[in-house]
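Dear colleague,

Please find below the structure that I am handing over to you, followed by an account of what was found in it.

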Amino acid sequence: MKLIIAIIKPDRLEAVKQELYKTDVNLMTVNEVLGHGRQMGVTEVYRGVKEMGNLLRKIRLEIAVNEDFVEPTIKAILNGAQTGQIGDGKIFVMDLVECVRIRTEERGTTAIG
Ligand SMILES: Nc1ncnc2c1ncn2[C@@H]1O[C@H](COP(=O)(O)OP(=O)(O)OP(=O)(O)O)[C@@H](O)[C@H]1O
Ligand SMILES: [Mg+2]
């Protein structure tokens, strides 16, 4: 199992969601966050809303998936989020050691999806 965390532009969220649904990825957590990349938020200001100093509003998606879904999920995020402009975001992939569905106490690959 892997935990995929993606930081994307807020105006790409809807497109990323649609791409994920097409890929049969329907479970996700979404947060509004602040961040900056290597341009330190400076050259992106005219594209995004400048919130705190040089930090820009971004969306952080968390998606826990079984191994088979790792590459399809990455592709879906790329399809929905890539504009080719600076600040398009990043995808981080981490090993996930456990997942527990609280209602049923199912674990692991059964609980994840
Ligand atoms: N190394 C990192 N660690 C943590 N968060 C990051 C990192 N790189 C990017 N982010 C997050 O992703 C957001 C978007 O990053 P961004 O796309 O600007 O990355 P970049 O490396 O500057 O690439 P680009 O040159 O395409 O802009 C940032 O605002 C920040 O929230
Ligand atoms: Mg950047």
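Asp 24 is located in the loop that joins helix H1 (13-22) to strand S2 (29-35); helices (H or I, at least four residues) and strands (E, at least two) are DSSP runs, numbered from the N terminus. The model is a predicted one, in which local features need pLDDT of at least 70 and side-chain atom pairs count only at pLDDT 80 or more, while totals for chains, interfaces and linings use all residues. Residues are numbered from 1 along each chain as its sequence is written, chains are lettered from A and ligands numbered from 1 in the order in which they are written, and side-chain values use heavy atoms, with hydrogens and water left out.

Backbone and exposure

The phi angle of Asp 24 is near 70 degrees, a positive value in a residue other than glycine. Most residues other than glycine have a negative phi. Asp 24 counts as exposed because its relative accessibility is 58%; buried means under 20% relative accessible area, exposed over 50%, and partly exposed in between (1.4 Å probe, protein chains only). Glu 105, in the loop between S5 and H3, also has a positive phi, near 65 degrees. Glu 105 is exposed as well, at a relative accessible area of 64%.

Overall fold

The protein contains three helices and five strands, which follow one another from the N terminus as β-α-β-β-β-α-β-α. Its C-alpha trace spans about 45 × 25 × 20 Å along the principal axes. Of the 113 residues in the protein, 30% are buried. One buried residue is Gly 108, with a relative accessible area of 12%; it belongs to helix H3 (residues 108-112). The C-alpha atom of Gly 108 lies 14 Å from that of Asp 68, which is 40 residues away along the chain.

The ligand site

Ligand 1 sits in the largest pocket. A pocket is an open set of points on a 1 Å grid over the protein atoms alone, where a 1.4 Å probe fits, with protein on both sides within 12 Å along at least five of seven lines; a molecule sits in it if more than half of its atoms lie within 2 Å of its grid points.

The shell around ligand 1 holds 14 residues (a heavy atom within 4 Å), and the closest are Arg 38, Gln 39, Gly 87, Gly 89 and Lys 90. Three of the shell residues, the largest share, come from strand S5 (residues 89-95). By class, the shell has three nonpolar, six polar and five charged residues; Ala, Val, Leu, Ile, Met, Phe, Trp, Tyr, Cys and Pro count as nonpolar, Asp, Glu, Lys and Arg as charged, and the others, Gly among them, as polar.

Oxygen atoms of ligand 1 approach polar backbone atoms of Gly 89 at 2.7 Å, of Arg 38 at 2.8 Å and of Asp 88 at 3.5 Å. The protein covers 72% of the 600 Å² of accessible area that ligand 1 has on its own (Shrake-Rupley method, 1.4 Å probe).

Asp 88 lies in the loop between helix H2 (70-81) and S5 and is buried, with a relative accessible area of 14%. Its side chain makes a polar contact of 2.6 Å with the side chain of Thr 83, that is, a pair of N or O atoms within 3.5 Å, of which, within protein, one must be able to donate a hydrogen and the other to accept it; residues adjacent in sequence count only if both atoms are side-chain atoms.

With kind regards

Key:
On a 1 Å grid over the protein atoms alone, a cavity is a set of points where a 1.4 Å probe fits but cannot get out, and a pocket is an open set with protein on both sides within 12 Å along at least five of seven lines; lining residues have an atom within 4 Å of a point.
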